[in-house]
Amino acid sequence: PGFGPVAFSPDGQTVVAFGRQADLAGFGIETLTPYSLLFISLDGRTERDAPRSRSTHRIETLDIGDALPIYQLTPDGQVVLIYSVFASASYDGIYLVDVATRSIRETSGPELPLDEFVITPDSRLVYLIEGGLFRLDVATGKIAFVTLECGGPGEPSRCNPELVNLLPDGRTLVLGWRNDPEYALFDIAREAVTRTFVVGARATVAAD
């Protein structure tokens with residue numbers, strides 16, 4: 001009775017989806033709000049391994065309100081970020097759901113959308129774009145603006161990026177601007193831009 005997209009924990013034993021109240025009722029699952037998160041726990045067996053009369057999964061629900069959610073599971077499978085694009089939502093900004101306890105935590109700081117973002121491989125930090133670069137500390141739930149130096153040697157020409165991505169090493173952000181070939185590399189540990197480059201240019205410029 002779940003609806004996509006779905007997110008899987010790293011071990012493949014937990015699936016996160018969402019359900020609509022009326023559809024869930026058709027499966028005998030009662031909820032209190034129009035939308036719920038579904039936590040589907042798998043026991044690692046397949047139908048070939050287990051008798052068809054026995055269930056190989058378990059579904060738990062978490063009521064989240066009256067608006068369709070956007071949600072993302074952290075790489076460690078321990079936290080779900082939820083957000084709704086609808087102004088009618090009963091919750092504002094990004095909320096954090098602890099998978100183990102099925103408890104919901106509010107974030108503090110600016111109310112940001114979950115549109116343009118990356119999560120570090122260790123699941124500690126979420127970097128978001130909304131008129132600039134912001135950092136969400138998953139443990140504390142605090143969202144803070146990240147100030148970038150700009151305009152100087154080795155610095156981007158503009159301070160507030162419009163795009164964000166993450167290099168495979170998990171330690172470096174790639175920051176960009178729409179309709180502009182300029183990019184900046186941001187070292188997460190140092191919290192500083194280390195290099196800028198322009199696509200098509202012959203040389204990169206490193207920061208001091």
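**View 1. Confidence across the elements of the predicted model.** The protein averages a pLDDT of 86, and 85% of the residues score at least 70. Residues are numbered from 1 along each chain as its sequence is written, and side-chain values use heavy atoms, with hydrogens and water left out. Because this is a predicted model, local features need pLDDT of at least 70 and side-chain atom pairs count only at pLDDT 80 or more, whereas totals for chains, interfaces and linings use all residues.

**View 2. The segment of residues 45-53.** Over residues 45-53 pLDDT stays under 50. The model has 8 contacts beyond four places in sequence for this segment, a contact being heavy atoms within 4.5 Å. Where pLDDT is low, the predicted coordinates should not be read in detail.

**View 3. The aromatic pair of Phe18 and Tyr71.** The structure holds 5 aromatic pairs, defined by ring centres of Phe, Tyr or Trp (its six-membered ring) within 6.5 Å, with planes under 30 degrees apart counted as stacked, over 60 as edge-to-face and the rest as tilted. Phe18 and Tyr71 form an edge-to-face pair, 6.1 Å centre to centre with 70° between the planes. Phe18 lies in strand 2 (residues 14-20) and Tyr71 in strand 5 (residues 70-73), so the pair ties together parts that are 53 residues apart in sequence. Phe18 counts as buried at 5% relative accessibility, as does Tyr71 at 9%; buried means under 20% relative accessible area, exposed over 50% and partly exposed in between (1.4 Å probe, protein chains only).

**View 4. The aromatic pair of Tyr127 and Phe186.** The ring centres of Tyr127 and Phe186 are 6.1 Å apart and their planes stand at 65°, so this pair is edge-to-face. Because Tyr127 lies in strand 10 (residues 125-129) and Phe186 in strand 15 (residues 182-187), the pair ties together parts that are 59 residues apart in sequence. Tyr127 is buried, with a relative accessible area of 0%, and Phe186 is buried at 1%.

**View 5. Surroundings of Tyr183.** Tyr183 is found in strand 15 and counts as partly exposed at 24% relative accessibility. Beyond its neighbours within four places in sequence, Tyr183 contacts residues including Trp177, Arg195 and Phe197. The C-alpha atoms of Tyr183 and Leu163 are separated by 9.3 Å, the two residues being 20 residues apart along the chain.

Conventions:
pLDDT = per-residue confidence, 0-100. Helix = DSSP H or I, 4+ residues; strand = E, 2+ residues; numbered from the N terminus.
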